[in-house]
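Hi,

Here is the model I promised to pass on.

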Amino acid sequence: MISIKSRTEIDQMRKAGEIVAVALEKMREAIKPGVTTLELDRIAEEYITKCGAIPSFKGYKGLPGAIDYPASICASVNNEVVHGIPGLKVLKDGDIISIDIGVCLNGYHADAARTFPVGNVSSEAQRLIDVTRQSFYEGIKHAVIGNRIIDISSAIQDYVEKNGFSVVRDYVGHGIGTKMHEPPQIPNYRTREKGPRLQSGMTLAVEPMVNQGTYRIVLLDNYWTVVTADGKLSAHYENTIAITDDGPVILTKLL
Ligand code: MF3
Ligand code: CO
């Protein structure tokens, strides 16, 4: 069952979304060669809790055998696709880093991710970042009442593949609201299922994960971190959006 949110609920999610957006801007400012991913986690967590919100990821239950997620952000460097666990890894010039942040404010979640360059990156790495971001915007052009989930999915896939990159299959976007993960699933590629029709009041986390080479991924033995199968780069771009009578509204942005 896909939950439909009232105006008031969407306003609550927008407040959570603004905290995510500010935290991501703090990440952008802090990311430079020499910084560890754990330092980034501390900065984000301190800001989120100062706002009276809860980091949605911390303590999240993963696969059987995995520890509960131990941090407030996911920090995935270079060939890491998603769910990189913050630690003592030091960022260096030329890296790219995907930061994913979720917060819960007054019972409502918002979730967003960006990939940032560290110092000076190759033009191909920058192009991967730019295509991934634009694929989100291409996707949400179709996030209008009466369309189906697959209309978003196919627009993302077509844009990414036209630009010579690939979309990850094993992880998908999702509905979001009083839980971080709600139905429906939002693949970034065409599936057999067309998915449900979009209705006013649906809130969705649309999150293309785009690889430079193969779309195939490998799960590391910590049961969290996902890496590209060929070791090439990966980028991520995510926003929480609301479907409204006036079209899609991005909730994870600065008010
Ligand atoms: N944005 C990711 C997602 O939607 C982050 C989840 S990380 C986790 O699935 F730690 F919470 F699992
Ligand atoms: Co998400």
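S135 touches I156, Y159, V160, P208 and V210, leaving out residues up to four places away in sequence, where contact means heavy atoms within 4.5 Å. S135 sits in helix α3 (residues 123-140); helices (H or I, at least four residues) and strands (E, at least two) are DSSP runs, numbered from the N terminus. With 0% relative accessibility, S135 counts as buried (buried means under 20% relative accessible area, exposed over 50%, partly exposed in between, using a 1.4 Å probe and protein chains only). A polar atom of the S135 side chain also lies 2.7 Å from the backbone oxygen of T132. For polar contacts, the rule is a pair of N or O atoms within 3.5 Å; within protein, one must be able to donate a hydrogen and the other to accept it, and residues adjacent in sequence count only if both atoms are side-chain atoms.

Some housekeeping before the rest. This is a predicted model, so local features need pLDDT of at least 70 and side-chain atom pairs count only at pLDDT 80 or more, while totals for chains, interfaces and linings use all residues. Residues are numbered from 1 along each chain as its sequence is written, chains are lettered from A and ligands numbered from 1 in the order in which they are written, and side-chain values use heavy atoms, with hydrogens and water left out.

Now the metal site. Which residues coordinate the cobalt ion (ligand 2)? They are D111 (OD), H174 (NE2), E207 (OE) and E238 (OE), at 2.1 to 2.3 Å. Donors here are N, O and S atoms within 2.8 Å of the metal (3.2 Å for Na, K and Ca), and water is not among the atoms, so sites may look incomplete. Along the chain, the donors of the cobalt ion (ligand 2) follow the spacing D-x62-H-x32-E-x30-E. D111 in strand β5 (residues 108-117) and E238 in the loop between β13 (234-236) and β14 (239-244) are 127 residues apart, so this pair links distant parts of the chain. Both D111 and E238 are buried.

The geometry of the cobalt ion (ligand 2) site is irregular, with angles of 64 to 173° among its six donor atoms. For that label, four donors count as tetrahedral if all angles lie between 85 and 135 degrees; four count as square planar and six as octahedral if opposite donors are over 155 degrees apart and all others between 65 and 115; anything else is irregular.

An N or O atom in the side chain of E238 is 3.2 Å from a nitrogen atom of ligand 1. Taken alone, ligand 1 exposes 330 Å², and the protein buries 94% of that (accessible areas come from the Shrake-Rupley method with a 1.4 Å probe; for residues, only the protein chains shown count as cover).

P183 and P184 are joined by a cis peptide bond, with omega about 0°, and P184 is in strand β8 (residues 182-186). N78 has a phi near 55°, a positive value in a residue other than glycine. N78 lies in the loop between β2 and β3 (80-82) and counts as buried at 18% relative accessibility. Y223 has a phi near 65°, again positive in a residue other than glycine, but Y223 is partly exposed, with a relative accessible area of 41%.

N78 has a partner in D95: a polar contact of 2.9 Å joins their side chains. D95 is found in the loop between β3 and β4 (96-105) and is buried, with a relative accessible area of 4%. The backbone nitrogen of K92 lies 2.9 Å from a polar atom of the D95 side chain.

Cheers
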